[in-house]
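Work through the exercises below with the sequence and the model at hand. Each task is followed by a stepwise solution.

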Amino acid sequence: MNVASYVQTSVNRIAQFNDMCGNLENVDKDSIDLQLNIFWEEVCEMFKAFDENDDVELLDGAVDSFVVLSGLLLKLEKAGFKVAEAMERIDLNNLSKFVKIDDPKIDEIKQDALSKGFTFEPNYGYGRVVMIS
């Protein structure tokens with residue numbers, strides 16, 4: 001099992017947990033503020049673990065952050081935010097930053113990137129070029 005294949009199962013269980021606890025009822029500014037504060041605590045713990053080279057606590061903090069952030073996204077969705085649409089828009093925007101290897105303007109794009117200090121690495125598995133700073 002890897003993280004990418006398990007994420008959907010985890011999010012479903014996080015939704016179930018939050019629903020069972022009543023966290024998705026009456027979502028208001030205070031409940032979102034609480035979720036943000038919990039998220040911040042988890043992120044701070046994660047940074048502390050990283051600074052202290054504590055791999056166990058780093059992983060714990062990363063997973064706890066994912067769980068709390070997923071809960072926040074569920075609350076935002078319940079509050080009327082279009083979370084799935086925003087996630088898709090951001091995913092597609094991020095992927096659009098990788099130029100197709102066969103793009104007719106690849107040489108122009110490459111020269112511009114090189115002039116800005118980037119290096120160009122082809123990723124043949126995805127048929128894209130990755131610019132690395």
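**Exercise 1.** Which residues does Ser 31 touch, not counting residues up to four places away in sequence?

Solution. Ser 31 touches Asn 26 and Lys 75, where contact means heavy atoms within 4.5 Å. This is a predicted model, in which local features need pLDDT of at least 70, side-chain atom pairs count only at pLDDT 80 or more, and totals for chains, interfaces and linings use all residues. Residues are numbered from 1 along each chain as its sequence is written, and side-chain values use heavy atoms, with hydrogens and water left out.

Helices (H or I, at least four residues) and strands (E, at least two) are DSSP runs, numbered from the N terminus. With a relative accessible area of 15%, Ser 31 is buried; buried means under 20% relative accessible area, exposed over 50%, and partly exposed in between (1.4 Å probe, protein chains only).

**Exercise 2.** Describe how helix α2 is placed against helix α3.

Solution. Step one is the geometry. The axes of α2 (residues 29–51) and α3 (residues 55–78) come within 8 Å, and they cross at roughly 160 degrees. Axes are lines fitted to C-alpha atoms, for helices over the stretch in contact, and angles run from 0 to 180 degrees between N-to-C directions. The crossing angle therefore makes α2 roughly antiparallel to α3. The classes are as follows: under 35 degrees is roughly parallel, over 145 roughly antiparallel, 65 to 115 roughly perpendicular, and the rest oblique.

Step two is the hand. α2 passes α3 in a left-handed crossing. A crossing is left-handed if the near helix is turned anticlockwise from the far one by less than a right angle, and right-handed if clockwise.

Step three is the contact. On the α2 side the residues include Ser 31, Gln 35, Phe 39, Val 43 and Phe 50, and on the α3 side they include Leu 58, Ser 65, Leu 72 and Lys 75. The residues of this contact of α2 with α3 divide into 14 nonpolar, 5 polar and 4 charged. Ala, Val, Leu, Ile, Met, Phe, Trp, Tyr, Cys and Pro count as nonpolar, Asp, Glu, Lys and Arg as charged, and the others, Gly among them, as polar.

**Exercise 3.** At what angle do the axes of helix α1 and α3 cross, and which residues make the contact?

Solution. The axes of α1 (residues 3–21) and α3 cross at roughly 65 degrees and come within 10 Å. The crossing of α1 past α3 is right-handed. From α1, the contact is made by Val 7, Ser 10, Val 11, Ile 14, Ala 15 and Asn 18; from α3, by Phe 66, Val 67, Ser 70, Gly 71 and Leu 74. By class, the residues of the contact of α1 with α3 are 7 nonpolar, 4 polar and no charged.

**Exercise 4.** Examine the loops on either side of α2.

Solution. Start with the loop between α1 and α2, where Asn 26 lies. Asn 26 has a positive phi of about 50 degrees although it is not a glycine, and at 69% relative accessibility it counts as exposed. Asp 28 lies in the loop between α1 and α2 as well, and is partly exposed at 39%. Asp 28 and Phe 17 are 11 residues apart in sequence and 19 Å apart in space, C-alpha to C-alpha.

Then turn to the loop between α2 and α3, which holds Asn 53. Asn 53, not a glycine either, has a positive phi of about 55 degrees. Its relative accessibility of 66% makes Asn 53 exposed.

**Exercise 5.** In what order do the strands of the open sheet lie?

Solution. The order of the 3 strands is β1-β3-β2, with antiparallel pairing. Two strands pair if DSSP finds at least two bridges between them. The edge strands are β1 (99–100) and β2, each pairing on one side only.

Now take the pairs in turn. 2 bridges join β1 to β3, and Lys 100 has Arg 128 as its bridge partner in β3. 5 bridges join β2 (residues 119–123) to β3 (residues 128–132); the bridge partner of Pro 122 in β3 is Val 129. In the hairpin of β2 and β3, with 4 residues between the strands, Gly 127 takes a positive phi near 65 degrees.
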